[in-house]
Amino acid sequence: MDLPDATWIDANAAGTDLALLPVGSTEQHGPHAPLSTDTLIAEAVANAAAAAYDGEVVVAPPFPYGISEEHRAFTGTLWLAPDTFRSAIRDVTTSLVHNGWRRVIYVNGHGGNVEALDEVAADVSRHEDGYAAAFTWFNAIGEHADRMGHAGPLETAMLRAHHPDLVHEDRVEAARDGASGRWGDWTSGVNLAHDSHEFTDNGVVGDPTEGDAALGHELTRLAAEGLTELLDDVADRSLD
């Protein structure tokens, strides 16, 4: 069930206690990709998994703000403080649990959210009458994960697969030319760069020209398979 399109009557009739909450960000993704990239991808993966899952699952509206202050030098980036983010996700989860969807999986699209979502999931599972787990799509794509950058081949591929109209194809080569080859500025295992503009001129890490729609569909398939497997395990988990 796609919760935003449902009436309260439909929501009340849902025959499941499983819910997916897509979580993304509103942050720069180079000159060629939209600020909503992380949110759009998280939503696409959640919808793909819900369609493939052998059972009913509620897909909540995507949460479009993340822990993204590292991109503040690029116009349009919006962010929440970590404590605010955790509180907001916690409140949305409490609402889902109150409605009877006691098993919640966060479908995450932004690396900066990972630690906080893990913390919230543990807190919900310990102190609510429910259970939560955090799933990050690019951790469930096998060997492709080695190519994960920022607005690079994988995210561009996902956009080309699901939202090709939002990719500025006339800027992709420039995005590649101004990109960094890796995330951060590292010395002795320490990232000295707190913000992304310190190591990438245009906000891109990786080569977006290498990410076509076919790759995006393959990434979606892999991520959705991982998420459906997680749904099975969460559905079977005791809530006592």
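Tutor: Begin with the angle between two helices: axes are lines fitted to C-alpha atoms over the stretch in contact, and angles run from 0 to 180 degrees between N-to-C directions. Bear in mind that this is a predicted model. Helix H5 (residues 153-162) packs on H7 at an angle of about 95 degrees, and their axes are 7 Å apart.

Student: Are H5 and H7 then roughly parallel or roughly perpendicular to each other?

Tutor: Angles of 65 to 115 degrees count as roughly perpendicular. H5 and H7 are therefore roughly perpendicular to each other.

Student: Which residues make the contact of H5 and H7?

Tutor: From H5 come Pro153, Leu154, Ala157, Met158, Arg160, Ala161 and His162, and from H7 come Ala213, Leu215, Gly216, His217, Leu219 and Thr220. Sorted by class, the contact of H5 with H7 has 8 nonpolar, 4 polar and 1 charged residues.

Student: At what angle do H2 and H7 cross?

Tutor: The axes of H2 and H7 cross at roughly 60 degrees and come within 8 Å. That makes H2 oblique to H7, and H2 passes H7 in a right-handed crossing. On the H2 side the contact is made by Val45, Ala46, Ala48, Ala49 and Ala52; on the H7 side, by Thr220, Ala223, Ala224, Leu227 and Thr228. These residues divide into 8 nonpolar, 2 polar and no charged. Thr220 of H7 is listed in the contact with H2 and also in the contact with H5.

Student: How should I read the pair H3 and H4?

Tutor: Take the angle, then the hand, then the residues. Helix H3 (residues 82-98) and helix H4 (residues 114-127) have axes that cross at roughly 40 degrees and come within 10 Å. That makes H3 oblique to H4. The crossing is right-handed. Phe85, Arg86, Ile89, Arg90 and Thr93 of H3 meet Ala116, Leu117, Glu119, Val120, Asp123, Val124 and His127 of H4. By class, the contact of H3 with H4 has 6 nonpolar, 2 polar and 4 charged residues.

Student: How many helices and strands does the protein chain have, and in what order do the elements run?

Tutor: The protein chain has 7 helices and 6 strands. From the N terminus on, the elements run α-β-α-β-α-β-α-β-α-α-β-β-α. The radius of gyration of the protein chain is 18 Å, close to the 18 Å that the globule rule gives for 240 residues, so the chain is as compact as a globular protein of that length.

Student: What box do the C-alpha atoms fill?

Tutor: Taken along the principal axes, the C-alpha atoms of the protein chain fill a box of roughly 50 × 35 × 30 Å.

Key
Residues numbered from 1 in each chain as written. Predicted model: local features only at pLDDT ≥ 70, side-chain atom pairs only at ≥ 80, totals over all residues. Heavy atoms only, no water. Helix = DSSP H or I, 4+ residues; strand = E, 2+ residues; numbered from the N terminus. Parallel < 35°, antiparallel > 145°, perpendicular 65-115°, else oblique. Left-handed = near helix turned anticlockwise from the far one by under 90°. Contact = heavy atoms within 4.5 Å. Nonpolar A, V, L, I, M, F, W, Y, C, P; charged D, E, K, R; others polar. Rg over C-alpha atoms; globule rule 2.2 N^0.38 Å.
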